[in-house]
Amino acid sequence: MAVGSVLIGLLALWLQDVIVPYSTPFWGLFDNQLDLDVYLSGAQTVLDGDSLYDAKLLGQMDYTYAPISILLFTPFTWVSFETARIIWSAGIFVALYLVIMLSFKSLGRAASWPLRVIALSLVAVVLLFEPVRTTVWYGQINVFLMLIIVADLTRPDGARLRGVGTGITAGIKLTPLLFLVYLALLRQWRSFVGVLGGFLASMIIGFAVLPRESWAYWTGTLFDSDRVGAPQTPGNQSVRGLLANLLNSDDPNTFVWLVLALGSLAVGMYAAVLAHRHGQELLAVTIVGMTACAVSPMSWGHHWVWFVPLTVIGLHLLCTPGRGVLRCGLIAAGLVALFLIALSWRTYLAYPFWFVNRTVTEGYLVGLFFKHGIEWLQWFTYYPYNVIFLGTAIATIVVLRGDHERETSVSSGSPEAGSTRHTR
């Protein structure tokens with residue numbers, strides 16, 4: 001299996017070059033890192049004594065993360081941008097490998113050398129996913145936050161300082177706060193306090209080191225979701241983004257958005273709690289991560305890096321013996337659907353246009369959400385990741401509830417159960 005995975009990994013690296021050649025100026029996998037540039041410009045702005053949230057970085061970009069994040073980015077200002085982007089990109093690859101290995105560990109698989117080879121090959125495969133590819137291309141932070149959360153919350157409830165790491169990630173980027181709802185539903189109050197403590201600690205450190213920026217962020221900037229981007233953008237893969245694009249409006253009806261967001265939240269949380277109660281903690285954490293992307297006012301495609309542990313879960317289920325042909329077929333179909341929906345589908349534009357903060361002579365846009373030419377399919381292509389999220393949540397609910405009902409039926413129909421009822 002390890003040899004086969006190496007061949008698949010090499011095939012994935014070749015396919016990456018087919019989609020967008022590595023050597024393509026600006027559009028090649030390692031030839032942009034715009035968001036990393038924004039992070040470092042934000043850090044340099046603070047070092048220069050200017051106002052972080054009033055500054056227009058790189059001429060027109062806003063800084064959107066909490067002030068404590070500046071402490072993470074400041075060391076990268078000590079080296080050239082070329083050096084910083086190499087270190088950052090290498091870090092993303094390492095983080096992806098660690099997420100995959102931690103996922104296998106959570107699923108009960110020992111860290112053997114064949115498994116490590118498989119994990120390395122999987123890094124190449126998941127790089128084909130739009131969320132992962134654009135994470136590397138933009139120099140984004142989401143994979144690092146996911147690594148901390150997976151490492152933190154896949155530990156047992158009583159584990160020392162469980163939740164603190166997740167709280168710190170929420171102090172950098174607010175969406176992980178949704179794990180507080182998940183932990184409250186499970187009544188895991190110790191971990192709940194850990195998340196809350198890590199979050200508050202990050203705020204306190206921010207106020208201690210950067211008081212002006214912290215006051216500006218927590219009293220005003222925090223509530224301006226449009227700083228992240230315009231809602232009516234093909235890459236906005238949140239429920240609000242779906243409405244904005246379908247209705248052709250940057251101000252979709254708030255009531256409708258809240259109803260759909262609360263519905264998504266209810267389905268996601270129920271599926272996550274059910275997964276936890278059936279001993280599937282990695283699946284539960286992954287569903288909560290996807291739910292946060294769905295209900296957030298703005299979720300770029302690269303926020304959906306949770307497809308990485310979801311892929312590992314699917315492969316684990318497929319390779320676990322004792323499953324019927326029908327169930328294996330459904331799992332395989334789910335993995336294929338995940339791959340095809342999340343793939344970096346290329347849309348080539350052979351003309352100059354304005355892209356973010358510069359004019360480009362041609363475009364290699366990636367993601368299924370750019371392919372919305374078929375009008376009756378726009379509900380899907382505007383927001384394809386919703387299909388993965390809802391499909392995963394609903395499949396989890398149906399399968400786990402079905403397994404529970406069968407177990408209950410078998411238990412109540414057993415001779416021992418009948419004898420117990422008779423004695424009573």
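What follows is a set of questions and answers on this predicted model.

Biologist: What radius of gyration does the protein chain have, beside that of a compact globule with 424 residues?

Modeller: A compact globule with 424 residues would have a radius of gyration near 22 Å, and the value for the protein chain agrees with that expectation. The C-alpha atoms fill a box of roughly 80 × 50 × 50 Å along the principal axes. The radius of gyration of the protein chain is 22 Å.

Biologist: How many helices and how many strands does the protein chain have, and what percentage of its residues is buried?

Modeller: The secondary structure of the protein chain consists of 19 helices and 4 strands. Among contacts between residues at least 6 apart in sequence, 68% join residues at least 24 apart. Of the 424 residues, the buried ones make up 51%.

Biologist: Which residues touch the most other members of the largest nonpolar core, and which helix gives that core its largest share?

Modeller: The largest nonpolar core has 125 residues, and the members that touch the most others in it are W27 and F307. The largest share of this core, 11 residues, comes from helix α14, residues 281–295. Leaving out residues up to four places away in sequence, the contacts of W27 include V20, R133, W137, F353 and F355, as well as Y364 and L365.

Biologist: How many of the 8 residues of helix α12 are buried, and what covers them?

Modeller: Helix α12, residues 239–246, is mostly covered, with 7 of its 8 residues buried. The buried residues are V239, R240, G241, L242, L243, A244 and N245. After α12 comes N248, whose phi is positive, near 55°. The count is 7 of 8, and the cover includes α13, α14 and α17.

Biologist: Is S299 buried or exposed, and which residues is S299 in contact with?

Modeller: S299 is found in the loop between α14 and α15. Because its relative accessibility is 1%, and buried means under 20%, S299 counts as buried. Leaving aside neighbours within four places in sequence, S299 is in contact with G235, N236, Q237, S238, A292, C293 and W304.

Biologist: Where is Q60 placed, and how many Å separate the C-alpha atoms of Q60 and V356?

Modeller: Q60 lies in the loop between α2 and α3, and with a relative accessible area of 36% Q60 is partly exposed. Not counting residues up to four places away in sequence, Q60 touches W354, V356 and N357. Although Q60 and V356 are 296 residues apart along the chain, their C-alpha atoms are separated by 8.8 Å.

Biologist: What is the relative accessibility of V336, and how many Å lie between V336 and R160, C-alpha to C-alpha?

Modeller: V336 is placed in helix α16, residues 325–342. At 48% relative accessibility, V336 counts as partly exposed. In sequence V336 and R160 are 176 residues apart, and in space their C-alpha atoms are apart by 38 Å.

Biologist: How far apart do the centres of the positive and negative side chains lie?

Modeller: The protein chain exposes about 19500 Å², of which carbon and sulfur atoms supply 68%. Its charged side chains comprise 25 positive and 24 negative ones. The centres of these two sets are separated by 12 Å.

Definitions and conventions. Residues numbered from 1 in each chain as written. Predicted model: local features only at pLDDT ≥ 70, side-chain atom pairs only at ≥ 80, totals over all residues. Heavy atoms only, no water. Helix = DSSP H or I, 4+ residues; strand = E, 2+ residues; numbered from the N terminus. Rg over C-alpha atoms; globule rule 2.2 N^0.38 Å. Buried < 20%, exposed > 50% of the residue type's maximum accessible area, 1.4 Å probe, protein only. Contact = heavy atoms within 4.5 Å. Areas by Shrake-Rupley, 256 points an atom, 1.4 Å probe, with all protein chains shown as cover. Lys, Arg positive; Asp, Glu negative; His and termini not counted. Charge placed at Lys NZ, Arg CZ, Asp CG, Glu CD. Core = buried A, V, L, I, M, F, W, Y, C linked by side-chain atoms within 4.5 Å.
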